[in-house]
Amino acid sequence: MSNGNGAGGRRIGDVILKLESVSLHFGGVQALEDVSFDVLEGEVRAIIGPNGAGKSSMLNCINGFYHPQGGTITYKGKTRKQMRTHEAAAQGIARTFQNIALFKGMTTLDNIMTGRNLKMRRNFLWQGLYLGPARREEMQHRAFVEGIIDFLEIQAIRKTPVGKLPYGLQKRVELGRALAAEPDLLLLDEPMAGMNTEEKEDMCRFVLDVNDEFGTTIVLIEHDMGVVMDISDRVVVLDYGRRLADGTPDEVRNDKDVIDAYLGAVHD
Amino acid sequence: MNDTDKASTDHGGTETFDTFPKLLIENARRYGDKHAMREKEFGIWQSWTWNELADSVRALACGLAAMGLKREDKVAIIGDNRPRLYGAMCAVQSLGAIPVPMYQDSVAEELQYVVDHAEARFAIAENQEQVDKLLEIKDRCSKLEQIVFDESRGMRHYEQSFLQSYRGVQAKGREFDTANPGYYEAEVAKGSGKDVSIILYTSGTTGRPKGVMLTHDNVRLTAANGIERDGLRQDEEVLAYLPMAWVGDHIFSFGQCYVAGFCVSCPESRSTVMEDLREIGPTYFFAPPAIYENLLTTVMIRMEDAGAIKRKMFHYFMDIARRAGIAILDGKQVAAIDRFLYRIGGFLVYGPLKNTLGFSRIRIAYTAGEAIGPDIFDFYRSLGVNVKQLYGQTEAAVFVTMQPDGEIKPDTVGTPALGVEIKIADSGEVMYRGPGVFHCYYKNPEATAQTKTEDGWVYTGDAGFFDDDGHLKIIDRAKDVGKLNDGSMFAPKYIENKLKFFPYVKEAVAYGNGRDYVATFINMDLEAVGNWAERRNISYGSYQDLAGRKEVINLVGECVKKVNADLAGDPHLCGSQIRRFLVLHKELDADDGELTRTRKVRRSFVAERYNDLVDALYSDAETCHVETQMTFEDGRTGTLEANIELREVDSVAPVAKAS
């Protein structure tokens, strides 16, 4: 895995992702309107906002699932209006989903192995024969995946079909699959939604550990304000598809527009 | 000392290998590339040969010497069962210093007491979790100087100069070793069997833990005697999964491993133990009754959910096993037809079941610590798993009595172990003397004098007697055996154990000494009762909710009635039948101090904490309101409120029984 950190602590680098005036609409519905912000290498960046603010749409634009009608997205210095999902994946963007998208009938191990798909060089015929190079390759990938299983402390469910696992663990497996792609940029869509306090604390620790140990840049969407304020370096706030605020957790917390949007305000 | 001579000649040399570091060097010479330890890491069992283990221990010992570890220094060792931590014990012993293993799940304050009391200069910790606890208490433990950690994950931002990695210390040790040739050998040679090899802190149901000092001779001789009695060989397979701070693990996974030279495997993590058990298939196994009980409960629950044919087959063959299995295991006469059916059952049911449990290859399995339910005990024995009971203490380096093969009774703990003498004091208390008897309690001469007599007899604190076949039977802690106001004998543990033998009852606490009648707190078993409730369409939101349901209280009431019927048949104890009981609204928990770390109920603490409930049991009240402080897993505290229902149970007329 890429490891940008020295022994001295986390290192925040240059801009890895820059969005400029991104606009997205579905027919008459304006999902995103003129949104700009950037993400620095090695930071934990949170996107927050009320329901329907356009947070998931934003992630979908970043990993190429949606193609915004206006604006540009610059990733690793390359500007492009449209990026296809497989291109995004090949360039080191991985994500998890709000509603878990795992193969329910497959084991934890197999699910995480699918995350290595892009890294496999042998074609399916070789893999089917499971000879020589294909076998060696499989073993290398398995070793890598075992590293992730160890990291996420899910050894006990290695061979358990994912569908049988409780929700919190499924989320962790999904994180594992995203990590298997060795991402430079990791997009997490509500990684702690629906969890109890203990599961949330575990997940927070894993997110921070991923960022810390592998130097992975993380963009996450989250509703739990306590979590967001604790773990992110900078926060961007969306409301009705527009950018409402952008800054450190403290700045955002004290921003008048944000307080209004979240708590409601009397407009005079 | 005859025993000393025997153990050394057993090992086949003219030299005496009277300490563990000496044994390690000898084992590396004798067994070389045979496996000494195994650990599952990254999904694969990684093996260490005796040569590799000896090399690793030597490097660590030299590293610790370079850091300034002196003879007689104490070294705290804390973490899950890991080969490197077992290695650390031997490395510390090589330098004549004394390892002090700690319970890995103790909270910081518990740890502080032990680290401080032991005056540990060094600590060797498994991972970040343990290092964090040590850092929290370091300021309050004046003697603690250096901390060595094994797993580096999460440790990169720790910059304290007194923190070193295990590998780093080993690297330093290899340099030191090259610079000082012969140093290691000389240090090992200085050791003798009379030296203290380890301090084990007892968890203690009352008061502060006491540090039991055992010598190399204590551990080595009892280990050797156990090996001889059970005929253990060099090719045994053992899984080390019980806390390293517990004397049993020290004997089974360290002492006997070094003396017999067999391989010990460490599980991947605490949550994978059952799976690792299946993969390793141990031949020599130890588990407290709770583990056998949990395994049986899981089997039964899964059988309830199985299809009708499977269920029928299971019950049919289990009946045959109950009828014939134990007799076959004990080598007694069995009707040919039963023997035949048992064969078929072995193929269809027992074999696959034992395989799922990881018990296929077991030759000898032990249980100890608490009484095991006769049903549970018989279940495993009828499957052909040779489970036996032993009675042991930290002060005896485990073995006091053990059941010989073929003479197994569910309610006794067997005959004296090799080299151990036993006598019953006038008060009814069991006393023993033997090669494993501890040196003394560390820094506690009063306690030593109270427990150990001048001529080496040790008070066990347990009341018991020998039955007609010379097997020891333990009834209760000597000080807990009391009397009701009408003069009937009251043995609380005996009653509690009878209750706990029901799958629906997890824990029970009985009161009665100096009272008019016996009353009990009962803790239901969430898994068993939860499953029972689900099958009856009884919905519940939480533990507390379920424990308060009328149906559940009725269910528990039935168990209490059966216990009374059972007690009525015992001439000594028929007077102490249970009159009133209640089902507790929360699970008794070690984090709240209600259980010890080895999961034994601290009766007096519970009585004090639930004072109101005890008073209510001895009144006419039908409900009682309680507020309880509880500690969550993350250390925060909260309050739990509940209205608890109290129930009355009819007593059964005593049955006159000719014994």
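**Domains and their contacts**

User: How far apart do the C-alpha centres of domain 1 of chain A and domain 2 of chain A lie?
Analyst: The C-alpha centres of domain 1 of chain A and domain 2 of chain A lie apart by 26 Å. This is a predicted model, where local features need pLDDT of at least 70, side-chain atom pairs count only at pLDDT 80 or more, and totals for chains, interfaces and linings use all residues. Residues are numbered from 1 along each chain as its sequence is written, while chains are lettered from A and ligands numbered from 1 in the order in which they are written. Domain bounds come from an automatic or database domain assignment, which divides chain A into domain 1 (1-92 + 184-268) and domain 2 (102-182), and the separation of their centres is 26 Å.

User: How many residues does the contact take from each domain of chain A?
Analyst: Two residues are in contact if their C-beta atoms, placed from the backbone, lie within 7 Å. Counted this way, domain 1 of chain A gives 12 residues and domain 2 of chain A gives 11 residues.

User: Which helix of chain A supplies the largest share of the domain 1 side that touches domain 2?
Analyst: Helices (H or I, at least four residues) and strands (E, at least two) are DSSP runs, numbered from the N terminus. Helix 2 (85-90) and helix 7 (197-214) of chain A each supply at least two residues of that side. The largest share, four residues, comes from helix 7 of chain A.

User: In chain B, what distance separates the centres of domain 2 and domain 3?
Analyst: In chain B, domain 2 covers 289-438 + 465-477 and domain 3 covers 482-648. Taken over C-alpha atoms, their centres are separated by 27 Å.
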